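Here are my notes for when you have the model open.

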Amino acid sequence: YMKTDRLYKRPFNEAFEETPMLVAVLTYVGYGVLTLFGYLRDFMRQWKIEKCQNATEREEQKDFVPLYQDFENFYNRNLYMRIRDSWNRPICSVPGAKVDMMERVSHDYNWTFTYTGRVIKDIINMGSYNYLGFAQKAGTCQQAAAKVLSQYGAGVCSTRQEMGNLDKHEELEKLVARFLGVESAMAYGMGFATNSMNIPALVGKGCLILSDELNHASLVLGARLSGATIRIFKHNNMQSLEKLLKDAIVHGQPRTRRPWKKILILVEGIYSMEGSIVRLPEVIALKKKYKSYLYLDEAHSIGALGPSGRGVVEYFGLSPEDVDVMMGTFTKSFGAAGGYIGGKKELIDYLRTYSHSAVYATSLSPPVVEQIITSMKCIMGEDGTNVARVQQLAENTRYFRRRLKEMGFIIYGNEDSPVVPLMLYMPAKIGAFGREMLKRNIGVVVVGFPATPIIESRARFCLSAAHTKEMLDTALKEINEVGDLLQLKYSRHRLVPLLDRPFDETTYEETED
Amino acid sequence: MDIKSMKNYLYWLYCQFELITCSYLMEPWEKLLFYTFNITMLVMVLYMAYIFVPVHITMAFQFFLHLFGNQHENTVSIVK
């Protein structure tokens, strides 16, 4: 306990308040009622009392293995369809701090939608991953991207290894390497594909992957595609990780007892569903002690954390050389698309040859590359404009989180993370919250099963440097109103202690070098 | 004014009931079915309470009276 204090240079405030017992019971009651009605509707659909509007097998296939009988499809037909109008809302402007949305109505309870033709203007956007406010349609980034579009066009029409390697890509990769403080970097066209196509190139059969419980689908897919053995440790729990590492070193591979070829730890910088930040100093200490490799996915934390926006490594004051593979995406803080991997020169040269993405996937489009280059230079302060976006985001985060906690909502996650999950729990409140906030001109993202555990549904706010204090105050006022209307203020200010230790004490010794 | 705030409060309570039991999400005929079932069960429980609770209370009262009644007789005899 004493030793871990030495690793953290700043206080690490993370809290996940426990679900109140009454709320959990009532949530199950709500799901029980909906399940009963789901069975009734399925019965009516099967006996043709009601018209069946969802996908079913053809008559000839009714004797085959049923396709739509599992819980996910039952949930989809009977619960998701009732609240479906809160998702897939079509927007018709740039998703900046305010966004325009096309109004739609449904006359058959969300099975089909029709557009009324009206456009709802200036909705405060609390759902876009626009952390530094680069989603703009005017400004230096847009002008530079327009110039490059007229020079290079929009399409690349080839993969990186064939004819798709532009000088813009080389310029981007040098800039990314300089930004992160690593030797070399490589950029890919799609953030999801960066994870799922590069992890198989790094590990294979005979290797061990230790992956966090709540890792993103791209990391899980990449780990499964690689063919390595996967073991899961509890979310952000260093005792669980150390136990797995010890077992791996002591026992080796399952049947043959040979040592593992490689041990790779997969973690994310900010977990977007929980708003929690990885305990990077402890992970690095464990990695050094047990001689394993670390793959850090900074999709949400690059640009959003750290005093100059260099991500979670800078936030904890660590050296980028300790992280073996630094991966991130350009989708969130840079307002573009694509992903990158940074690390040592040998690693990146290997990935240039052996990554599936480099061989088969089309490379980044030139205007997108220019957007990334301009926004990165703007964050680094090299283009002359001194817009303190990272500081604005940090201020917005602290203010918003503090006010929500004071109002009495249950908020998960770390104090410094710009992703703010507000717990809703009950299924009717998911739909009600989305609709009530839209009535008050605020766009939020609500999340339920299967992205979260079934009773822990939440509304997830993504703060942006483009939000002014007035916008945040308006949003907070409306959230307060809706919270009173829907009885969402569950917090009893009883925080679960962070350092509950079910396992033995960890021992972080200094390395001998 | 008091009646109005009372009505608003009752409407708010009804909204909470709708949200908790998810009848907010149901189609009108489903709501009708659900409320009919609930109100029928509630009326049946109240009717049973109306019929049986006085009988149970008088029986319990007599039982306790009998218990304490015996003790009283014993103490009175000792004092004498």
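1. What percentage of residues 32–53 of chain B is helix, and how far apart are the end C-alpha atoms? The stretch is 100% helix and 0% strand, with those end atoms 31 Å apart. UniProt, in an unreviewed entry, puts a "transmembrane region" at residues 32–53 of chain B; its positions follow the numbering used here, feature names are shortened, and annotations may be inferred rather than shown by experiment.

2. Ground rules: this is a predicted model, where local features need pLDDT of at least 70 and side-chain atom pairs count only at pLDDT 80 or more, while totals for chains, interfaces and linings use all residues. Residues are numbered from 1 along each chain as its sequence is written, chains are lettered from A and ligands numbered from 1 in the order written, and side-chain values use heavy atoms, without hydrogens or water.

3. Chain A has an open, antiparallel sheet of 3 strands in the order β14-β17-β16. (Strands are DSSP E runs of at least two residues, helices H or I runs of at least four, numbered from the N terminus; strands pair if DSSP finds at least two bridges between them.) β14 (419–423) and β16 (445–447) of chain A are at the edges with a single partner strand each, so one side of each has no neighbour in the sheet. The twist averages 30 degrees from one strand to the next; axes are lines fitted to C-alpha atoms, for helices over the stretch in contact, and angles run from 0 to 180 degrees between N-to-C directions.

4. β14(A) pairs with β17 (residues 458–462) of chain A over 5 bridges, and Met423(A) has Arg458(A) as its bridge partner there. Helix α14 (residues 389–407) of chain A packs on the sheet, touching β14 and β17 and making about 10 degrees with the direction of β14(A); contact means heavy atoms within 4.5 Å.

5. I get 34 salt bridges over all chains, taking a side-chain nitrogen of Lys or Arg within 4 Å of a carboxyl oxygen of Asp or Glu. Asp416(A) and Arg10(A) form one at 3.7 Å, N to O, although they lie 406 residues apart. Asp416(A) is buried at 19% relative accessible area, and Arg10(A) is partly exposed at 36% (buried is under 20%, exposed over 50%, partly exposed in between; 1.4 Å probe, protein chains only).

6. Check the link between chains: Glu30(B) meets Arg82(A) at 2.8 Å, and both are buried.
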